[in-house]
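Subject: Structure handover

Hello,

Here is the structure for you to look through. My notes follow below it.

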Amino acid sequence: MDMKIAPSILASDYANLESELKKISSSDLIHVDVMDGHFVPNISIGPPVVASIKKVCDIPFDVHLMISEPLRYAEDFAKAGADIICFHAESDGDTGETVDKILSLGKKAAVAVKPDTEIDVVFPYLDKLSMVLVMTVEPGFGGQSFMERVMPKIEKLREMGYTGDIEVDGGINPETVKIAARAGANVFVAGSAVFKSESPNGTIALLRNNAQN
């Protein structure tokens, strides 16, 4: 299975997003954290910023909606340039309806679960999902420590035969990426580890190599 690295621009310099994106040209995905100040305490960016940076980057956008009403905003992010739209199982609204809406917009659908949410909540939708995101920190803040205790969720997904992408987000570095990969994850969101390093593309290569070996 391909190991994919998805740097989170939440850890980048927002004043220089175009140049920051050029530093991570070897990425498989660009992870875009969207926070509404309601579902999570912080507020980040919305569709206008996504649309702007899409014009200067041809790497697929993995847009992670940490918002209360994903159904309401799915179309806005689809139009802005999201390639994958991921929303939380814990958000408001009907999960199945939101998945169907994303697919109707011609985008890939993904569902995320917080550390204390049982993975079973995604089971009814697995045949429609391109990816499941297992949070390895509490959503809403960068720089948190990796929660190894959630690895059994990933193992459970693989054991039941799920062959789609399994993404982990939170506390990913050259060591924790190995733990997540052994559990069955193959998409790794890394913010600080990439953008705070001297060579972001070099760190991406290291993460990918460590996940594969």
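Helices (H or I, at least four residues) and strands (E, at least two) are DSSP runs, numbered from the N terminus. This is a predicted model: local features need pLDDT of at least 70, side-chain atom pairs count only at pLDDT 80 or more, and totals for chains, interfaces and linings use all residues. Residues are numbered from 1 along each chain as its sequence is written, and side-chain values use heavy atoms, with hydrogens and water left out.

**H3**

H3 covers residues 70-80; Pro70, Ala74, Phe77, Ala78 and Ala80 are buried there. They span an arc of only 150 degrees around the axis, which puts them on the same side of H3. The arc is taken from the directions from the helix axis to the C-beta atoms. The face turned away from that buried side carries exposed Arg72 and Lys79. Buried is under 20% relative accessible area, exposed over 50%, partly exposed in between (1.4 Å probe, protein chains only).

The buried residues of H3 pack against strands S2 (30-35), S3 (61-66) and S4 (84-88), and against helices H2 (47-54) and H4 (95-104). Contact means heavy atoms within 4.5 Å.

**Two helix pairs**

H2 and H3 pack at about 20 degrees, axes 8 Å apart. That makes H2 roughly parallel to H3. Pro47, Val50, Ala51 and Lys54 of H2 meet Asp76, Phe77 and Ala80 of H3. By class, that contact has 5 nonpolar, no polar and 2 charged residues.

H6 (176-183) and H8 (200-212) pack at about 40 degrees, with axes 8 Å apart. They are therefore oblique to each other. Val177, Lys178 and Ala181 of H6 touch Leu207, Asn210 and Ala211 of H8. The classes here are 4 nonpolar, 1 polar and 1 charged.

On terms: axes are lines fitted to C-alpha atoms, for helices over the stretch in contact, and angles run from 0 to 180 degrees between N-to-C directions. Under 35 degrees is roughly parallel, over 145 roughly antiparallel, 65 to 115 roughly perpendicular, the rest oblique. Ala, Val, Leu, Ile, Met, Phe, Trp, Tyr, Cys and Pro count as nonpolar, Asp, Glu, Lys and Arg as charged, and the others, Gly among them, as polar.

**Valine 111**

Valine 111 sits in strand S5 (residues 108-113). Valine 111 is buried, at 1% relative accessible area. Not counting residues up to four places away in sequence, valine 111 touches Cys86, Phe87, Ala89, Thr95, Val99, Val122, Leu129, Met131, Val132 and Leu133. Tyrosine 125 is 14 residues from valine 111 in sequence and 8.8 Å away in space, C-alpha to C-alpha.

Best wishes
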